[in-house]
Amino acid sequence: MQINIRRKGSVTILDIEGKIIGTDTLALKETIEQQLETAPDGKLNLILNMARVQMMDSSGLGVLVASYSSIKRNEGRIVLLNLGGNIRSLIVMAKLVTIFDRYDTEAEAIASFL
Amino acid sequence: MHQPTSPNALRTTEETILVVDDDIDIVELLKISLESDGFNVHTACDGASGLENAWANVPDLVLLDVMMPHKDGFQVLKELREDARTKAVPVILLTARGQTEDKIRGLDTGADDYITKPFDLREVTARVEAVLGRTRPIKYINPLMKAMGDGFSEEGVEKLAGHLEAAAAIQRKLLPEKAPSLPKFDIATLLQSSTSVSGDFYDFIPLSEKHIGIVLGDVKGSGIPAALVMVMIRTALRLLCDEAMNRKTDFPYPEPAAILKRINDLLVRDTDVELFATMIYGVLDTADATFTYTNGGHCYPLHYNHRTGEIDFLEACGMLVGAFEEAAFTTKTCTLAPGDILVAYTDGITEAEGPPDIFYGEERLAACLAKHAAGGKLAPTAFCELVQNDLARFSGSTQPNDDRALVVIKHELRNERLVRYSS
C-alpha cells in the first residue's frame, strides 16, 4: 500500500493506492495518527481518496472506525472519496453508511468542510 | 522471488535494501541486480542523503560504501547505530580490496558483514541473503520484547508464553464443546483459530424448553486484546439473557436487538474504540421453526430454502458492536421450513485470499451451499467439512490467516433422523 499526503487549505487528503488488508493496514493507521498529532489544535479535516484501492478487508474497516472516533473526538471529520471495489459493500454491511460521508469528486469532498 | 527456505519463511513482505555509494554505476548495477532478486531498492549517492533516506524509510538492510567524500561509510554507520530507528538495521560494508584495517574497523563499528570491491553480483546476493537470514527472526521477535518492556528476560518470555497458554485454555473452555442437540434441528459448528487465542466465537444459550439463543461473533483485531473482548461479550450476553429470563418480563425471551444494544453500550463505555465486534445474535424457536435475530455489522447469514433451492442473504439490521454510542439494532424473523439450512460465518472464511487480490467471498460460499444442499441430504457437519476443504483448495493452504468460524443450523426433513440412524 502506498499513501500520498496532500493538503488543500485546511483539508488533508490521503491518496491511497493498493490494498488495505491485514497487517498492511498499520501503515494507514500510523499515517492518520501522525496527521492527527500534527493538525492544528488536533482538529483534522481528512479525506481518504480510495480511487486506487483495489480491496479492503475487515482490518481496514477497523482502521476507518478507529480513525473516525479519534478524529471526531477533536472535532475533526473524516470523509471517504471514490469508494470502489468491495469497499462500498463492506461499509454497507457494517451499516456504516450513516457514519461516513462519501463523495464521488474531490471538489465535493473539499466543499463539505467549508 | 526466492524460494521460502527456513529463514526465508519469515519473509512475508517485500524487503527494502538501501544502497549508498558515490559511484553511480555501482549504485545502478546493484539496484538492477537486487531488484531482479525480488528486493525493493532505495539508493543514495552520499553519506548525508543515505542517512536521510534510512531514517525516513527504514530499510531491512543497508549496503554501504566505505570510501565516500564528506561523510564516509564509518561515520554513516556510526550515526545509523546511534539512532533508535536504524540501530538494529543490518549493514554490509563495501570496501576496497586488501584494506584489512577497514574491515576490522567496520566490524568493530557494528557492520554485519563486508564485501570487497570489485565484487561478483552473485556474492552480493548470497551475503545479503545470509545477513537477512540471521537478522529476520530478530526483527519479528523484537516487537514482542518491546511489548514486554525492560523486564525482558528468558524467564519473562517463558512466563508470557505460560500466560498465553492459560488464556487460550480459558477461552477454549468458554466455547461450547459440542452443539446442542435439539428436537427437529441439527446444528454443527467449526472454529479454526489463526493464533493460539481467537477473536471469533460462538455460543448457545438455553432460554426455555423450545428457545435457544445462538451467537456467532468476530472481535476485530487479534491476540489477547481481542480474546478479552470476546470473553466480555460472551459473559455479558449470558448474564443479560439469564437476568431477563429470571425476571420473566420479556416474553417469551428478550428481544435480540435490545440485548445487542446493551452489549454495544457496555463496550463503548468500557473499551478502546479500536476494539469492537461484529456479531449475529438470534433465538431459534424449535416449535415455530423460526430464527429471530439481529445483526451487528456482521456478514449476512445465508438461508438455503429447501423448497425453491434458492439462497437468500439475511441482510444487516444494525451497526457493528462496541464502536459507536449511536448504534441502533432491529430484530427480524426468518422461518426455517423443513430442509432449510441457515449458515452464519465470520469473515475469515469470506476473506480467505486465494489467487492474489481475490477473496473467497460470499458468492462462493453460497454456491458451495446451493450445490451440496440440493436434494436435502446435506448434514450440517458435512457442510462444515466441505467448506474447510473448499477453502484449503482455494487458498492453497490449510493454515488460516484469520480466525474462521461457522454455525450451521438445519431444520431436519421428516424422517431424516430415522434414515440417518438406520443407515
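In this predicted model, the axes of helix α10 (residues 361-373) of chain B and helix α11 (residues 380-395) of chain B come within 11 Å and cross at roughly 135°. That angle makes α10(B) oblique to α11(B); angles under 35 degrees count as roughly parallel, over 145 as roughly antiparallel, 65 to 115 as roughly perpendicular and the rest as oblique. Local features need pLDDT of at least 70 and side-chain atom pairs count only at pLDDT 80 or more, while totals for chains, interfaces and linings use all residues. Residues are numbered from 1 along each chain as its sequence is written, with chains lettered from A and ligands numbered from 1 in the order in which they are written.

**Helices α10 and α11 of chain B**

- The contact (C-beta atoms, placed from the backbone, within 7 Å) involves Leu365(B), Cys368(B), Leu369(B) and His372(B) of α10(B), and Phe383(B), Leu386(B), Val387(B) and Asp390(B) of α11(B).
- By class, six nonpolar, one polar and one charged residues take part in the contact of α10(B) with α11(B); Ala, Val, Leu, Ile, Met, Phe, Trp, Tyr, Cys and Pro count as nonpolar, Asp, Glu, Lys and Arg as charged, and the others, Gly among them, as polar.

**Helices α3 and α4 of chain B**

- Helix α3 (residues 73-82) of chain B packs with helix α4 (residues 100-109) of chain B at an angle of about 10°, their axes being 10 Å apart.
- This makes α3(B) roughly parallel to α4(B).
- Phe74(B), Leu77(B) and Lys78(B) of α3(B) meet Arg105(B), Gly106(B) and Thr109(B) of α4(B) in the contact.
- The contact of α3(B) with α4(B) has two nonpolar, two polar and two charged residues.

**Helix α2 of chain A**

- Helix α2 (residues 58-73) of chain A has 16 residues and reaches 23 Å from its first C-alpha to its last, close to the 22 Å expected at 1.5 Å a residue (1.5 Å times one less than its number of residues).
- Twelve of the 16 residues of α2(A) are buried, so the helix is largely enclosed by the rest of the structure; a residue is buried if 20 or more other C-beta atoms lie within 10 Å of its own.
- Among them are Gly60(A), Leu64(A), Tyr68(A) and Ile71(A).
- The buried residues of α2(A) pack against β2, α1, β3, β4 and α3 of chain A, together with α9 (347-350) of chain B.
- Glu75(A), which follows α2(A), has a positive phi, near 65°.

**Contact between the chains**

- Across the two chains, 18 residues of chain B are in contact with 14 residues of chain A.
- The side of chain B that touches chain A divides into nine nonpolar, four polar and five charged residues.

Definitions and conventions: Helix = DSSP H or I, 4+ residues; strand = E, 2+ residues; numbered from the N terminus. Axes fitted to C-alpha atoms, helices over the stretch in contact; angles between N-to-C directions.
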